[in-house]
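Dear colleague,

Please find below the structure that I am handing over to you.

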Amino acid sequence: MTSIFLPPSTQKIDSDITQSVGVEMSVLRLDLMHPWVNGNKWYKLKYNLLEAKERNFTTLLTFGGAYSNHIFATAAAGKLFGLNTIGVIRGEETSPLNSTLSFAVQQGMQLVYLDRKTYRQRNTTELQTELRERFGEVFIIPEGGSNLNGVRGCMEILAQAEDFDVVCVACGTGTTFAGIVLSLSQQKRAIAFPILKNGAFLKQEIETLLQNYLSADLPVPTKSSCAWELVCDYHFGGYAKVNDELLKFSQQFQQMHGVTLDYVYTAKMFYGVMDLLKQGFFRKGDRILLIHTGGLQGNVGIKEKLIKA
Ligand SMILES: *Cc1c(COP(=O)(O)O)cnc(C)c1O
């Protein structure tokens, strides 16, 4: 199942600031693993797809917004692995379809729309029962691939990474981060950068995810997970919000290092790391690993929003 994916590569980032502080910095390029099924969304899908196949489901059903990286990846993964896909999209249908959704349809995904109020019920048994009545035997994956199968897949993100001391991850739900924390030994540090406003609530969410994972009958690589913390100051106003400073940073980073960042997640985390570096947050000698979680297809959505504004 995984042979069509390039293993994630590690790219060194050299700059004046890393040199003057005396740290080593690299990026783990999950964005390059596959043209469509990449980033953390692939890792979160992996064990969901395996479970669906093992239990003889032929159709996946999942949820997302109109520019969702998860919808995009699920549609492509379904096609690659021979599963039908249904995407339940938040909000009204728009015509023509945006680039994310037209890609999903090209991959064979069937799209269904739920008004925002109904969409909020997406994790309830009631709505899921309704969806099963309507679509038959479907394997339901939560929005973002954010379940324990998702955590399990994310424990593999760092499997081939070069050695490091501190790892930095952009967080939406914290599922990816939880997997990473579970995969690391005690000597390592993991830092989560929530991209939502008031992201401090994620501390509890991540603790719950870790506990739920550890109490489920699932494989664990280490019994003692690493030290971790949240840095909540780099949300830039909240989900999918950007400003000129972030756009400029992203552009410069791309020019200097040849790494394109997505504006919703990785640009904010990379900006945060660079800023913290200037503030003396990291120690001299630290080997810092930034995870590029992908999501580049979503940049189209941000650009469209900027043009409209
Ligand atoms: C979905 C996503 C995240 C957030 O993942 P969580 O597991 O929800 O924390 C981070 N980066 C990118 C590029 C994403 O698409």
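**Findings**

The protein chain comprises twelve helices and ten strands, where helices (H or I, at least four residues) and strands (E, at least two) are DSSP runs numbered from the N terminus. This is a predicted model, in which local features need pLDDT of at least 70 and side-chain atom pairs count only at pLDDT 80 or more, while totals for chains, interfaces and linings use all residues. Residues are numbered from 1 along each chain as its sequence is written, and side-chain values use heavy atoms, with hydrogens and water left out.

Along the principal axes, its C-alpha atoms fill a box of roughly 60 × 50 × 35 Å. Of the 309 residues, 54% are buried, that is, under 20% relative accessible area with a 1.4 Å probe, protein chains only.

Helix α10 (residues 244-257) packs with helix α11 (residues 266-278) at an angle of about 85 degrees, their axes lying 10 Å apart. The axes are lines fitted to C-alpha atoms over the stretch in contact, and angles run from 0 to 180 degrees between N-to-C directions. The two helices, α10 and α11, are therefore roughly perpendicular (65 to 115 degrees) to each other. Contact (heavy atoms within 4.5 Å) is made by E245, L246, F249, S250 and F253 of α10 and by A267, K268, F270, Y271 and M274 of α11.

With kind regards

Key. Angles under 35 degrees count as roughly parallel, over 145 as roughly antiparallel, 65 to 115 as roughly perpendicular and the rest as oblique. Buried means under 20% relative accessible area, exposed over 50%, partly exposed in between (1.4 Å probe, protein chains only).
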